[in-house]
Amino acid sequence: NSTVVCFGELLVDFVPTVGGLALADAPAFKKAPGGAPANVAVGICKLGGTAAFVGKVGEDEFGLMLVNVLKTNKVEVKGVRFDADARTALAFVTLKADGEREFMFYRNPSADMVMRPEELDVELIKHAKVFHFGSISLIAEPTKSTHMAAMKIAKDAGILLSYDPNLRLPLWSSPEAAREGIMSIWNQADIIKVSDEEVNFLTNGGDETLDDVVLELWHPGLKLLVVTDGPEGCRYYTPEFHGKVESFKVHPVDTTGAGDAFMAGLLSKLVDNDFGLHHEGKLRDALQFANGCGAITTTERGAIPALPDTETVLRLMSKESM
Ligand code: ATP
């Protein structure tokens, strides 16, 4: 059985070989497997855990390539479907001079948008301990209904629901639609991970302190809310306690996948600790490990190739404590 089932998009990112240029001026692109939920599944397997990916790609060479990447990394792929008509999703990345990334998507519609509820592997989801998802799968039907159906299967089976919205504004019709879409399933999640930019977007920012803003995002069933903040590490909020865990000092070259690596590290540790979310010390250890996973991922290019194994994370953590 796969302990964590990740649902959502699996796509090819085309990353320019030269950064800091407009998309049209990029001399060439390198293909890289992408899709946040798929990255999280690979991240968990690289850390020695078991994870499955559930989603849809096109019946084309890119789709096959992506599924092979998952298989190579020991991700369970029996819940992946191939669409005969729609192509595998593509995203062209712009690497801006300030290190930020912008995405231009080819989805008209792409295979990830046309997964139907009857294509779900119900048994796979039911036997997991965590069902993890993002918000891109909420943008278009029929995948939106499939996402909702999968969450219901997980909830009915008593499985923990883990949510990392991973805001991709250009995919939504408007910022309001993005906010509404992301918030539409908020109250169903047991664990939510957001970045500080996403907190600003979802709450309209303002002058309040982060702790005050987070109160706006709290819901009664929530067990853990984590806000990541790049080199600063992360903040955590549970019904019993809240605090901050610093990240590790590294020399970042590309932050792609840091958030997904963080999520993989956090879920791996929570599964190992049997979700001991009432024990602050254990939660802080898990978040420190997750920071280590995120930090290491920034030191190599790309997402999947940069996701670390446990030994590499522990090495970074022990170096810091010396
Ligand atoms: P992305 O969308 O690029 O995958 P994100 O915006 O979701 O990332 P970040 O907050 O940038 O997420 O990073 C996630 C975690 O990775 C941070 O909480 C931190 O633990 C680690 N991290 C990211 N950047 C750095 C850095 N420069 N130095 C140390 N740790 C980092």
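Which residues of β6 are buried on one side, and which on the other? Keep that one in mind for a minute while I set things up.

First, the ground rules. This is a predicted model, where local features need pLDDT of at least 70 and side-chain atom pairs count only at pLDDT 80 or more, while totals for chains, interfaces and linings use all residues. Residues are numbered from 1 along each chain as its sequence is written, and side-chain values use heavy atoms, with hydrogens and water left out.

Okay, back to β6. Strand β6 covers residues 90-95; helices (H or I, at least four residues) and strands (E, at least two) are DSSP runs, numbered from the N terminus. Leu-90, Phe-92 and Thr-94 are buried on one side, and Ala-91, Val-93 and Leu-95 are buried on the other. Buried here means under 20% relative accessible area, with exposed over 50% and partly exposed in between, using a 1.4 Å probe and protein chains only. That makes six of six residues in β6.

So who sits beside β6? Strand β2 (residues 11-16) runs parallel to β6, joined by three bridges, and Phe-14 stands opposite Phe-92. For pairing, DSSP has to find at least two bridges between two strands. Then there's β7 (residues 101-106), antiparallel to β6 over six bridges, with Leu-90 opposite Tyr-106. β6 and β7 make a hairpin with five residues between them, and Gly-99 in that turn has a positive phi of about 90 degrees.

Now the nine-stranded sheet. It's open and mixed, and the order is β5-β4-β1-β8-β9-β10-β11-β12-β13. The edges are β5 (80-83) and β13 (242-245), each pairing on one side only. Neighbouring strands are turned by 15 degrees against each other on average, direction ignored. Axes there are lines fitted to C-alpha atoms, for helices over the stretch in contact, and angles run from 0 to 180 degrees between N-to-C directions.

Within that sheet, look at β8 (residues 130-133): Val-130 and His-132 are buried on one side, Phe-131 and Phe-133 on the other. β8 pairs in parallel with β1 (residues 4-7) over four bridges, where Phe-7 stands opposite Phe-133. β8 also pairs in parallel with β9 (residues 160-163), again over four bridges, and Val-130 has Leu-160 as its bridge partner.

Further along, β11 (residues 224-228) and β12 (residues 234-237) are antiparallel, with four bridges, and Thr-228 faces Cys-234. Helix α7 (residues 210-217) lies across β11, β12 and β13, at about 50 degrees to β12.

On to packing. The largest nonpolar core has 57 residues, and Phe-53, Leu-224, Leu-266, Leu-270 and Leu-287 touch the most other members. A core is a set of buried Ala, Val, Leu, Ile, Met, Phe, Trp, Tyr and Cys residues joined through side-chain atoms within 4.5 Å. A second, separate core of 38 residues includes Leu-138, Ile-153, Leu-161 and Ile-182.

Last stop: the second largest pocket. Its volume is about 190 Å³, counted as the space filled by probe spheres set on grid points joined across faces, edges and corners. A pocket is an open set of points on a 1 Å grid over the protein atoms alone, where a 1.4 Å probe fits, with protein on both sides within 12 Å along at least five of seven lines; lining residues have an atom within 4 Å of a point. There are 14 lining residues, with Leu-47, Gly-48, Gly-49, Ser-268 and Asp-272 nearest the centre. Helix α8 (residues 258-272) gives the largest share, five residues.

Definitions and conventions
Contact = heavy atoms within 4.5 Å.
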